[in-house]
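Here is a short report on one protein chain. Please keep the model in view while you read.

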Amino acid sequence: LVAGQVALSLVALATAGMFLRGLFTVVLSPAGFETGSAAMVSVDLGNQGYTAERGTLFYDEALRQLRALPGVSAASIATTIPPSDYVSGTSVFLPGDEPPPELFHGREFELGTRVALDNVAPGYFGALGIPLAAGRDFSPADRGGDRGVAIINRELARRLWPAQQPVGQRISWPAWSGPPRAPLEIVGVVADSRVR
């Protein structure tokens, strides 16, 4: 009985040691974005009764004023900011590889390449110190309109186009319901970062 207890204690101790070692590796490894000199503010204009148009004007003016402050090198807006417990996700496909809607509905998490999705404003990657590896950043001209654009990270570029240049390619992101969405054109590739 004593020998069994000692053996189980050694197994539990070894398991705890491996867990702590893995935890330290995750905590001490680079996040891929600026963690030391960034300030973040959360604003929910929907609770204040803003319409989409008034909200856009508010954010544009807030960014203009923030960028003019002494000591501010960059400012941007995003739906979620890393690290975040909740990151929106979607499944992406190469155009032509999308499943029919009746097959896709209810299996969104099983089909395609699952990616984290965030809506960000121009300057987001620069504000967080995430380097642009290829292509360009978003511009004010990208807002609205018929042409949807996306910036992806190196890992997704490697998965979807291992031997090709991703800038200029398109990805499809089917909707769970409602009208179909147009494919997005890849305009940029950024370095990988851990958002969760």
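The text below goes from the whole chain to single residues.

## The whole chain

This is a predicted model, in which local features need pLDDT of at least 70, side-chain atom pairs count only at pLDDT 80 or more, and totals for chains, interfaces and linings use all residues. Residues are numbered from 1 along each chain as its sequence is written, and side-chain values use heavy atoms, with hydrogens and water left out.

The protein chain has five helices and six strands. Helices (H or I, at least four residues) and strands (E, at least two) are DSSP runs, numbered from the N terminus. Read from the N terminus, the order in the protein chain is α-α-β-α-β-α-β-β-α-β-β.

The protein chain has 196 residues, and 25% of them count as buried. Buried means under 20% relative accessible area, exposed means over 50%, and partly exposed lies in between (1.4 Å probe, protein chains only). The accessible surface of the protein chain is about 13,200 Å². Carbon and sulfur atoms hold 60% of that surface. Accessible areas come from the Shrake-Rupley method with a 1.4 Å probe; for residues, only the protein chains shown count as cover.

Contacts tell how the chain folds back on itself. A contact means heavy atoms within 4.5 Å. Take the contacts in the protein chain with a separation of 6 or more: 65% of them join residues 24 or more positions apart.

## Aromatic rings

How many aromatic pairs does the structure hold? It holds three. Rings of Phe, Tyr and Trp (its six-membered ring) pair if their centres lie within 6.5 Å; planes under 30 degrees apart count as stacked, over 60 as edge-to-face and the rest as tilted. Two of the pairs are listed here.

| Pair | Centre distance | Plane angle | Type |
|---|---|---|---|
| Phe58 and Tyr59 | 5.7 Å | 70° | edge-to-face |
| Tyr124 and Phe125 | 5.2 Å | 80° | edge-to-face |

Phe58 is partly exposed, because its relative accessibility is 33%. Tyr59 is partly exposed too, at 26%. Tyr124 counts as buried at 8% relative accessibility, and Phe125 counts as buried at 12%.

Tyr50, Phe58 and Tyr59 form one aromatic cluster. Arg54 lies over the face of Tyr50, 4.0 Å from the ring centre. Likewise, Arg181 lies over the face of Trp173, at 3.8 Å from the ring centre. A charge sits over a ring if NZ of Lys or CZ of Arg is within 6 Å of the ring centre and within 35 degrees of the ring normal.

Start with Leu156 in helix 5 (residues 154-160). Is Leu156 buried or exposed? Leu156 has a relative accessible area of 10%, so it is buried. Leaving out residues up to four places away in sequence, Leu156 touches Val92, Thr113 and Val115. Leu156 and Thr113 are 43 residues apart in sequence, yet 8.6 Å apart in space, C-alpha to C-alpha.

Next comes Glu185, in strand 6 (residues 184-190). Glu185 counts as buried, because its relative accessibility is 18%. Apart from neighbours within four places in sequence, the contacts of Glu185 include Arg147, Gly148, Val149 and Gln169.

Last, turn to Val2, in helix 1 (residues 2-28). At 61% relative accessibility, Val2 counts as exposed.
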